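Please keep the structure open while reading.

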Amino acid sequence: MALINTGKQGQVTIFIILGVLLLIVAGFIFYLGSENIIGTSSSFETLGDLSVMGSVGGFIGSCLEDASYLGISKVLANGGYYSLDEVDFVLENALENYNDYDFFSVPYYFVGGEDFLPEIEDITSEFEIAIAENFVVCIDDFAAYAGLGHVFESSDPIITVTLVEGGSFVDLDYYLLMHSDDSSSEFESTEMFIAFDFIDKYEQIQKFLSRQTEDPDAFAIGALSSVLRGTGYYYEYLVMGEEGSELLVNVYYPVRGQTDDFVYSFALSYDWGTLESNLNLTDDEDSVSPVILYNLEDWDVVDYGLQYYQVEAKGDNLVYVVSPETLDIDSESGLITLDSSDYSNAAYLYFIRVTDSENRSVEGPLLININVNEGDLAIFEEFENSTFSVGDTINMTLSVSNEEYGPYYFTAETGLFDIDKQSAEFSFEVSSDELGSHQVYFSAENENGVSWMLWDFEVVAE
Amino acid sequence: MKRIVLLIVICNLLIICSTIAFACDEFGLNCDVSYDSGTDWSDSESWDDNFNSYPDEAFSHDSGQAWNEIYNDNSLMQDPVIRAAAFADDPVKSSAVLNLHPEYMDDPAVLADFDAALISAGEQDVLDQREDPEKSDTQSRMLNKNPAAKEKWMKDSFGIDMSDSSVVLRDYTGDSITSEGENGLSFDPKAAASIPGDVWVDKDGSLRNENAYFNGGEISLDDNGVAVYKGGTMDVQQGNKEGFIVVVEGGKVNGYRERVYGTDSRPLYTGSFTYIIDENGNEHLNGNINLDSEGVTIQGEMYSPKDSYFSDFVLVGETTLIQHADNTQISVNGKEVYYTQTNYRSAGKFCEEGYSCIVNTPGSGGSVDYRERLSIIGVSNGDMIEIKSPVFYSHLEVIDLQEGSVSFSSVNAEGGVLGKMTVGQGDDITIQGNDLSKMKAGRIDVQYEEGINTILHHWSSNDYQKDEGYFSERNSMVSCTVNVDCEQTLAQSFGKVIKDGDAEPKTTVVFSGDNVYTARNMESWCKNNGGCYILNSRDLPAITNSENLVVTGHHWSESNYVWRDSEDVNIPGGDEHNPIDKVYFGGLKGSSPYDQLPQGDSVETVTFSACNTVWGNGNTGLKELDSYYDNLEQVQGWDGTAPLHENVGDLGKDFDEVADARPLTYSNSKGITSTRAYYYKEGDTWSYTNDGNSCQKIGSNIVVECNPAVADGS
């Protein structure tokens, strides 16, 4: 018996309201929509408190909907199985915490040159098991209704999934007797339609595997992309295993109205061990333990002299290289040394590449903003306003706090306005053309050199 | 004929011997080694008769008198016995007599005697000069002091002419002779004679015929009777004749092609190979061939059509091409595979229908790590093409594969394979042991016909470009039907789709520069203005259904393409630009189908966020855009430098809107001001304006008031 989930109390109130509406329309509701939108119909005979009974009906329908989505989702993610215990060929723990599941193992659909796609009837049965179990979890022995004075007696739910062209019917056979001191009601069955055409998708995978077995030595990526052509579905594959001979394939089916796609996952295995000498796979980077280059934060250099920046990365025997090579980096430690007196004030973009002992590498950009100012260059004052509306007229002046080092020669890198080179005044009218974010690069030059500032602002609708 | 000449030579030698050491009968037979004629050589009146009867004794008794007899009557040299005695006594004088009467060598016996005397003298010279290097060279004097005899001998013996009497020959052995001079060489006269066409020795020492000049080195004859040329330089000549064949070993060949410039129409081949010119003037080479100026070595067989560039050739049979700079290996096994590395966008024009073709275009960047295009087109005849390369290719394409296969492997510097892809017919595309990111390519396209449809399989990376974060990099190859759903599919898979309702987006934003500021800034505009496809230029489809194109990137004045810098370029740090991922404003025969803006009848406006894209003189690629887009009405861009951070705003403004809008100007860091400007089309004429009021007709300096009806479309 599941514990009462107090979090569902709020839902109960909603279901009471919905339940009334449900009954008013004679217990028949049909949700229409695309791909995954679910329609239901149910049989419910009731006497007594209509609101609670209607609520329970809505609750059951909602649970069936949730369970159907979760069940199908989970079976697809498990390659057509709710449980992989009885499956002969399984790629175990393919990825930890992948797809929000604590474990992630998938069956091989192709191994040893043979096709191991389960029969569609078997997958349908797995859908039924998964939906039923998720339904039970969702119902939670009507714990959400605890305290309302009703007694619930129910049978085990029996789910029947019928795949048809264009979608799937999910039938729930579930005897429920709900009674209180002054009322009772019975529920027997409900049915819903999920516009998720699994037959279509199954046949696509079947077709791909048929092509795959014709050429068992290599991943038939062209065949897979062909079977998905024009469907709006897409796939990705991950190379796994020491020889890269295990592939995890995920096919994504976008589901309108849902955050997550249905993901149909399965594994493919190839005999590529013999290829190693031919291919000399020296960069067999896998997805489990790649070289990691941690986010390279922009480096703001504001002081004269030697400056240091530590590139953070993870991996074995890493070698750090910077491009262009005008920047000095310790190839073993990743420590960058820069003498700001060698640079004029500007933004410089470099690329850092980190390579491990197996020649796996990662590269990332490092932006160095050099703006050294000992007080004898323009010190910009920040603008107060950074949001403008369409229709605004902007009249602004770029100010510096150390006017005594002037005169300055001002520039602004933008197409929005021209800046007066002496007074630093600029103006423009904000039109709808400018909706969105903007960044302006200001610079000021005096006899001692150049300093600069970036101004970020946003234009919003009136 | 050669046997007859040899027999005559032997007979004459026997006669010579008989007259020197012993007396023989008139046929040179039945010799008596103890024979002495007992002639009284003191009787001057009978000297002549005695000389004629016993010339050998005459020379030994009084050589001067004997030679006087011959000088007085040169025809005596036609007598084999006298001639033998003369050559035995003094081959140089004998040669001098023949030089006066080269016609004597019309008699094969005389010719053979002269030849034998030359060989004999040469052998003696060798012996003599071992003892005394200063000793004069008899053979050389026989030849070079007697040019008429020399010329007659070479011509009649071997069919070889002399261009000039000053030609110096030496060291004749019977199988070899050496010409002196700047381009002198050693050659087997018989080998030289085997080279088709008239052959002569030039005064610079070179051996020449109408097909080629042989400068320096050595020519011999192989077992198949083909001339083998070692160590020198062969200059193939214009107007060469059919059937020219030479085996080259370690030498150089300056071949002849009609479209090779800058090297006197002579592409340079080095190495060891057979060189043939066929009946059409095409060059065929088979062996180990270096094309140094092209930076490649070809192991196997190739030929070069007469009218092709030096960077165009055909790989035949089982042949491997190796690029020196990066060790890229292209192996073909099949019939004939056309190959071009001509650095033109239209290089594919070299391809021939019915034959496999490889287009390997370096591009303008000058980096050995990067090449613009590797396109394998129309693979036919069961050809198998295998490529291993460490190079990053902006475009990697397999187009219209008919029959055969292509495998491409990206390799690291040590040659280890990082990723391998194999392409067969249709969607027979396979991967072995890698994810797609291991393929060093900006985009991979496999395109083929399927019924009435053209199918594209596509993948792209974000590598080698500066921005790697804005677009997704998906480890999958997507497939779409060209002309149907490629724009949508590629945007969904690799770009962004910004929807405004359910309708198909009306605008396609093409990111082809260094940063995504403009594309990102447009996202909010797209949501309220009909939606957008935002695409990296590496994911451009061939066709668009959009009405508006927004194109970002670098653009040089008077060019018809935009581009981005490669990731390693740091302009503030003093680097030069390295333009990659060029996107042209129109198609071109022989170019990649995916190096250009997508074509579409629906396109009405093209908006650039790029420098120098709208000028008053129209030299900005407008002509290409106009011919590419039938319904194009407006182009907007920058007259001068474009700002880095730009929000393009509303597209397709009419004149009034432009006039009412704030003029957009921009001053770059050098203080140079540029303006946003527009082209508008009126009938077949384009006008330029930057204020919506004054319009200048392209191609003239006439400035008129802008006609609002034009931009209104009314």
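How much area do chain B and chain A bury between them? Chain B and chain A bury about 4700 Å², with 44% of it on carbon and sulfur atoms. Buried area here is the accessible area (1.4 Å probe) that two parts lose on being put together, summed over both. The model is predicted: local features need pLDDT of at least 70, side-chain atom pairs count only at pLDDT 80 or more, and totals for chains, interfaces and linings use all residues. Residues are numbered from 1 along each chain as its sequence is written, chains are lettered from A and ligands numbered from 1 in the order in which they are written, and side-chain values use heavy atoms, with hydrogens and water left out.

**Interface**
- On chain B, 56 residues are in contact with 57 residues of chain A; contact means heavy atoms within 4.5 Å.
- Two salt bridges are counted between chain B and chain A (a side-chain nitrogen of Lys or Arg within 4 Å of a carboxyl oxygen of Asp or Glu).
- Glu450(B) and Arg229(A) meet through their side chains in a salt bridge, 3.2 Å from N to O.

**Confidence**
- Chain B has a mean pLDDT of 87, and 92% of its residues reach 70 or more; pLDDT is the predictor's confidence in each residue, from 0 to 100.
- Over residues 1-34 of chain B, pLDDT stays under 50, and the model has 38 contacts there beyond four places in sequence.
- Where pLDDT is low, the predicted coordinates should not be read in detail.
- The model scores ipTM 0.82 and pTM 0.76.

**Asn446(A)**
- Asn446(A) lies in strand 26 (residues 436-446) of chain A; strands (E, at least two residues) are DSSP runs, numbered from the N terminus.
- Its relative accessible area is 8%, so Asn446(A) is buried (under 20% relative accessible area, 1.4 Å probe, protein chains only).
- The side chain of Asn446(A) reaches two backbone oxygens: that of Asp376(A) at 2.8 Å and that of Tyr405(A) at 3.2 Å.
- Leaving aside neighbours within four places in sequence, the contacts of Asn446(A) include Leu377(A), Pro407(A) and Tyr408(A).

Note on methods
Helices (H or I, at least four residues) and strands (E, at least two) are DSSP runs, numbered from the N terminus. Buried means under 20% relative accessible area, exposed over 50%, partly exposed in between (1.4 Å probe, protein chains only). A polar contact is a pair of N or O atoms within 3.5 Å; within protein, one must be able to donate a hydrogen and the other to accept it, and residues adjacent in sequence count only if both atoms are side-chain atoms.
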